[in-house]
Amino acid sequence: MSKETEKRNEHFVDTAPFNPWDREELTPEQEKYFLASQWQLMWWRLKRHRLAYFSLIILAIMYASVFIVEFIAPYAQETRNSEYIHHPPQGVHLFHDGEFVGPFTYGTDFSVDMETLKPIYTVNPDRLEQLRFFCSGDEYAFWGMVDMDFHFICPSENGTLFLFGTDRLGRDMFSRIIYGARVSLTIGLVGIAVSFLLGILIGGAAGYYGGWVDSTAQRSIEVIRSLPEIPLWMALSAALPVTWSPILIYFGITIILGLIDWTGLARAVRSKLLALREEDYALAARLMGAKPKRIIGRHLLPNFASHLIASVTLSIPNMILGETALSFLGLGLRAPVTSWGVLLNEAQNINAVAVYPWLMLPVVPVVVVVLAFNFLGDGLRDAADPYKN
Amino acid sequence: MLTYLARRLFVMIPTLLIISVLVFVIIQLPPGDFLTTYLNELQAQGEAVDPAKIEFLKRQYGLDQPIYIQYAEWAWGLLQGDLGFSFEYNLPVTDVVGDRLWLSLVLNFSTVLFIYIVSFPIGIYSATRQYSWGDYGFTLLGFLGLAMPNFLFALILLYYANVVFGTSIGGLMDPEYINQGWSLGKMMSVVEHLWAPVVVIGTSGTASMIRRLRANLLDELGKQYVVTAHAKGLSPTKVLFKYPLRMALNPFIADIGNILPQVVSGSVLVSVVMSLPTTGPMLLTALQSQDMYLAGSFLMFLALLTVVGMFVSDVLLAWLDPRIRLQGGVGK
């Protein structure tokens, strides 16, 4: 017996430093991937979704421009060029007679069609009007507070620059569309904040407590969902007093939009919570004496926050469209507030639009934004669960 | 089946009741009422208003009653088909709306029909030929259809019809039939005009339906019983139509609950843009002039349209799928 013990191998110690990874060496990329947080993974995944990433960039640019609309627009919001009523869009040219002159527009001569009384603007190829950059032009109050006259781009001293034409008061459509973005783009965000709050509170309560809270919430969601949205929005916004100031109307409209839109979100929150509250970690938290507010907010919400963000992204365009539709009908925002819907209100008379088709141009940014949000939302939904292949 | 029908009908009653309360509250929301606006107008025009006349008008319209009595009278009237009194037209609402309710019904019904007829074959095609050019093409079209707000689409269509063909596609019938009694010619004219608004309202619904059917069918096609059926030598069409399609059809029909409010919403807007003689344009003017009973009737009618539509879809679903009628669920 003792003989065999002696024969046993001596205890072996490798002198090389211990490397736990020597079986499978992780490449730096792999290591980065395994150590990345959930949000990091989502971001990478989103970037792989080309269309969504591209939409994100477009939206980021548009929202960034909301802060500096006054600089971007060549004219101030309400500047009336009374000599240029219903002026068609002007092109920006670089070359004149084969010679490079830099960006300029051709001046136009005005005449009237004596039969239809339609203004006619003929391009005058002799009047070159060079654009100015980083220049002083129309005066405005930056953010409604600081008086300034700085623009990124201005027409020449006596010339014009109507990229998208002018409306019936001779106001530059391009500038007005840029200004309109400020209202149209933000109204969706404020509206979604309202519906997000309602959705999380009501859906959260319904999903966590269950019982009569749940069934009351469910029934009211069913009733609201069975009502057609637009007529309801129309009725509610018709109820806004005419005497309210534009800013109050703005908030009134966002609240109306949010009040009806929360149901989808509440349902999503509820069904997720119902599933998650049965998980072991929720039970553990409850046993340790955590309050419902903490369990929902601290443990359950982060679990499906990414899904929430995706569904929120998909419902922002709905809000933007809602505002556009209401303003288009004359029930939402009204002049002097400028939003895309308010601008489109002038396109209601289809015969006028047939003669002055550029009045329809505010359709373009609406469609672009709605498409971008839809693509981004789709990409986010795919990225929301980065551990799933 | 009968018990299911009865239960489902019973569920509808409280829903409609709550909706009627909501509608009544909404039409009461605007500050003041039609009468005050009317009196103000008279006074602004310098006409003397006799207090006795005000009292008389108030009593006649029931505006002196407390609000819950006004509601009860209104709701009771609705049940009996009496829609109240339109202040603006000075006529009973029933006379004012005329054919509008029916035309709305026809418009919405045709749109839903259009959505099903178009999305059904396309959905099947896209699922069976996944990732083909056709599939990609329809997906792209679908995205555009989903994202394009339908009232803008209507505007653009109107514009092009005006510029390219020189005609106006607005309206629902040829001008000579307006205010005429119903005749065969009028009906044909309505059918001829119906396509434009139906296509405009139906695009987004069609797009989402195609996506839904495609996803459902793809799920089913990947299952093992399909492989088995193929392995046993069933012809591909028979495999498709006999089993997976029937399974994929359920959510397709259940989805009408989502589609219908959308369609009704869209039809209101598109009707205004295309000036169709349906509820849309009149609802708008009624809302603007605080003609509350007229607006209320329209809102109630539109809500009824969706609620009844959902009821029909649930019944259809129960008829198709025994699991639903036996378990008593109301579908997804």
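In the predicted model, helices H8 and H9 of chain B cross with right-handed geometry. Their axes lie 9 Å apart and form an angle of about 145°. Helix H9 of chain B spans residues 184–221, whereas helix H8 of chain B covers 150–165. On the H8(B) side, the contact is made by B:Asn150, B:Phe153, B:Ala154 and B:Leu157; these residues meet B:Ala196, B:Val200, B:Ile201, B:Thr203 and B:Ser204 of H9(B). Classified by residue type, this helix–helix contact comprises six nonpolar and three polar residues, with no charged residues.

The chain in which this pair is found, chain B, contains 16 helices and two strands. Of its 332 residues, 38% are classed as buried. Contacts across the sequence were also examined for chain B: among those joining residues at least 6 apart in sequence, 72% link residues at least 24 apart.

Helix H8 of chain B also takes part in the contact between the two chains, A and B. That contact draws 36 residues from chain B and 31 residues from chain A. On the side of chain B that touches chain A, at least two residues each are supplied by helices H1 (2–28), H7 (133–147), H8 (150–165), H13 (256–273), H14 (279–288) and H15 (292–320) of chain B. The residues on this side of chain B divide into 31 nonpolar and five polar, and no charged residue is present.

How values were computed: Residues are numbered from 1 along each chain as its sequence is written. Chains are lettered from A and ligands numbered from 1 in the order in which they are written. This is a predicted model: local features need pLDDT of at least 70, side-chain atom pairs count only at pLDDT 80 or more; totals for chains, interfaces and linings use all residues. Two residues are in contact if their C-beta atoms, placed from the backbone, lie within 7 Å. Helices (H or I, at least four residues) and strands (E, at least two) are DSSP runs, numbered from the N terminus. Ala, Val, Leu, Ile, Met, Phe, Trp, Tyr, Cys and Pro count as nonpolar, Asp, Glu, Lys and Arg as charged, and the others, Gly among them, as polar. Axes are lines fitted to C-alpha atoms, for helices over the stretch in contact, and angles run from 0 to 180 degrees between N-to-C directions. A crossing is left-handed if the near helix is turned anticlockwise from the far one by less than a right angle, and right-handed if clockwise. A residue is buried if 20 or more other C-beta atoms lie within 10 Å of its own, exposed if 12 or fewer, and partly exposed in between; C-beta atoms are placed from the backbone.
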